[in-house]
Amino acid sequence: MSAPQKKTAGRSLLVTSAAALSSLALTAPVALAAPRPSPSASPSASPSATPPANMSTVGGSRLGQAGTQVNLASGVPVLPKDITARSWIVTDAESGDVLAAHNAHWRLPPASTMKMLFADTVLPKFAKTEKHKVVPSDLAGMGAGSSLVGIKEGETYTVHDLWLGVFLRSGNDAVRVLSAMNKGVAKTVTEMNEHAEELQALDTHVVSPDGYDAPGQVSSAYDLTLFARSGLQKKDFREYCSTVTAKFPGETKKDKKGKTVRKPFEIQNTNRLLSGDYDISQYQGIAGVKNGNTTNAGATFTGVAERNGRVLLVTVMNPSKEGHNEVYKETAKLFDWGFKAAGKVQPVGELVPPKGAAQSSAQPGDAGEAGGSGDSAGSGGSAKHVASATADGGSRGMGTAIAITGGLLVLLAGAAFLVNRRWPLPDLVRRRSSRP
């Protein structure tokens with residue numbers, strides 16, 4: 001049972017400015033990136049416990065070094081000593097600074113955290129009100145033991161329903177249906193790989209859009225953080241990844257009176273820093289993003305949280321400590337360190353912008369997304385768009401009430417990469433203060 005939540009005023013968050021990002025490298029020279037993973041390469045069922053000597057240096061040379069990278073100095077808190085993940089990274093989402101990292105570019109199986117890239121690639125293509133009737137071929141090819149939201153053949157779902165299934169229940173069935181709507185899994189995988197390339201996520205190779213273990217499917221803590229940062233520029237992405245509970249359409253049946261009915265059932269977000277669990281509290285300021293767990297990947301997680309005007313992204317991959325909710329516990333410790341260290345620690349690297357940033361001269365409004373996925377943008381980037389209350393389809397919980405103060409989502413111009421001067425996170429993420 002969660003503690004009573006204290007309501008606080010929502011406010012817009014400054015993610016970054018052109019000045020703060022003008023010094024970022026806008027391209028990743030081939031020399032900085034380790035060789036791309038071969039499509040035929042197969043991740044071991046028991047990946048090596050030793051990171052490779054040759055890792056990518058995208059974002060900075062220190063990020064390509066094995067082991068923990070942090071600039072400890074007077075006044076900088078010491079990193080928690082009980083972090084057992086094979087790879088992790090703590091970043092400032094506003095500036096793109098990497099505050100600390102451990103094997104940040106180690107290519108590992110990503111599990112369902114790959115769904116962040118899937119959503120960032122596919123979400124803008126369909127209006128959330130669009131409907132689709134599921135046919136048997138839509139669900140073909142899912143791996144044994146896949147996580148499912150409970151989609152049934154012959155039933156009709158809205159795109160909104162399907163995205164709730166993707167984000168809350170990590171439903172591979174929902175991913176397959178959306179991929180079918182996108183003209184197939186093969187096309188979707190190709191587009192995901194192309195989008196990863198554009199984001200300079202050069203450690204990533206997609207084989208299955210849902211993140212299910214597949215030969216050659218890899219990513220890294222650095223790349224997963226890029227996916228989260230890109231996805232969070234989209235209003236619908238923010239809404240879905242921060243929703244705690246929602247109603248999902250059930251199967252059409254006849255009741256005792258012979259009347260045809262279709263009753264919804266409740267689904268809950270499996271991100272335990274968002275929903276809480278018996279051995280872990282909801283994390284103060286948490287607003288998503290995505291968790292995963294497979295045989296090859298172990299537990300993986302990327303989270304975003306805001307505290308005192310600071311927005312951090314933390315990614316943790318495959319803790320070696322065997323314990324319930326260990327990936328969330330280690331993430332929470334790294335968040336705690338990041339909020340204490342931010343503004344004191346010198347960064348060890350940076351999150352790079354997309355490759356096309358220098359070439360683009362998008363005008364205000366050009367970055368709008370199909371289906372209402374984009375925030376409103378006026379000619380001066382100061383238009384206001386406020387949305388709150390319960391989302392369509394019966395969604396409810398901490399993450400479904402959103403206070404939006406808009407501005408441009410993405411403005412790519414000249415030598416600077418401007419990411420949404422106001423990056424609003426859901427207002428209700430600030431209501432819980434269970435953690436100091």
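Modeller: First, the names: a strand is a DSSP run of type E with at least two residues, and strands are numbered from the N terminus. Leu79 is in the loop between strand S1 (68-69) and strand S2 (85-92). Bear in mind that this is a predicted model.

Colleague: Why does Leu79 count as buried?

Modeller: Buried means under 20% relative accessible area. Leu79 has 13% relative accessibility, so the residue counts as buried.

Colleague: What does Leu79 touch, not counting residues up to four places away in sequence?

Modeller: Thr68, Val70, Trp88, Ala100 and Trp337. Contact here means heavy atoms within 4.5 Å.

Colleague: How many helices and strands does the protein have?

Modeller: Nine helices and 15 strands. Buried residues make up 58% of the 436 residues. Of the contacts with a separation of 6 or more, 71% are between residues 24 or more positions apart.

Colleague: What makes helix H3 (residues 159-169) "mostly covered"?

Modeller: Ten of the eleven residues in H3 are buried. Among them are His160, Asp161, Trp163 and Phe167. Just after H3, Ser170 has a positive phi of about 55°.

Colleague: At what angle do helix H2 (residues 115-122) and helix H6 (residues 221-231) pack?

Modeller: At about 35°, with the axes 9 Å apart. The crossing of H2 and H6 is left-handed. From H2, Met116, Leu117 and Asp120 meet Leu224, Phe227, Ala228, Ser230 and Gly231 of H6. By class, this contact has five nonpolar, two polar and one charged residues.

Colleague: Now the largest pocket. Which residues lie nearest its centre?

Modeller: Gly292, Asn293, Thr294, Gly298 and Ala299, out of a lining of 32 residues. The volume of this pocket is about 650 Å³. The lining has six nonpolar, 18 polar and eight charged residues.

Colleague: Which elements each supply at least two residues of that lining?

Modeller: Strand S10 (286-294), strand S11 (298-307), strand S12 (310-319) and helix H9 (326-341). S10 gives the most, with five residues.

Colleague: Let us stay with S12. Why is Pro319 called buried?

Modeller: Its relative accessible area is 13%, under the 20% limit, so Pro319 is buried. Pro319 lies in S12. Leaving out residues up to four places away in sequence, Pro319 touches Thr84, Ala85, Ala299, Glu326, Val327 and Glu330. Pro319 and Ser87 are 232 residues apart in sequence, yet their C-alpha atoms are 8.2 Å apart.

Colleague: Where is Asn325 found?

Modeller: In the loop between S12 and H9. Phi of Asn325 is near 60°, again positive in a residue other than glycine. At 11% relative accessibility, Asn325 falls under 20%, so the residue counts as buried.

Colleague: How do you know that Asn271 counts as buried?

Modeller: Its relative accessibility is 0%, and the limit is 20%, so Asn271 is buried. Asn271 lies in the loop between strand S9 (265-268) and helix H8 (272-275). Beyond its neighbours within four places in sequence, Asn271 is in contact with Gly288, Val289, Asn291, Phe301 and Tyr328.

Colleague: And why is Ala357 called buried?

Modeller: Its relative accessible area is 0%, which is under 20%, so Ala357 is buried. Ala357 is in the loop between strand S13 (349-350) and strand S14 (410-413). The C-alpha atoms of Ala357 and Glu198 are 9.5 Å apart, although the two residues are 159 apart along the chain.

Methods: Residues numbered from 1 in each chain as written. Predicted model: local features only at pLDDT ≥ 70, side-chain atom pairs only at ≥ 80, totals over all residues. Heavy atoms only, no water. 1 Å grid on protein atoms, 1.4 Å probe; cavity = no way out; pocket = protein on both sides within 12 Å on 5 of 7 lines; lining within 4 Å. Points joined across faces, edges and corners; volume = space filled by probe spheres on them. Helix = DSSP H or I, 4+ residues; strand = E, 2+ residues; numbered from the N terminus. Nonpolar A, V, L, I, M, F, W, Y, C, P; charged D, E, K, R; others polar. Axes fitted to C-alpha atoms, helices over the stretch in contact; angles between N-to-C directions. Left-handed = near helix turned anticlockwise from the far one by under 90°. Buried < 20%, exposed > 50% of the residue type's maximum accessible area, 1.4 Å probe, protein only.
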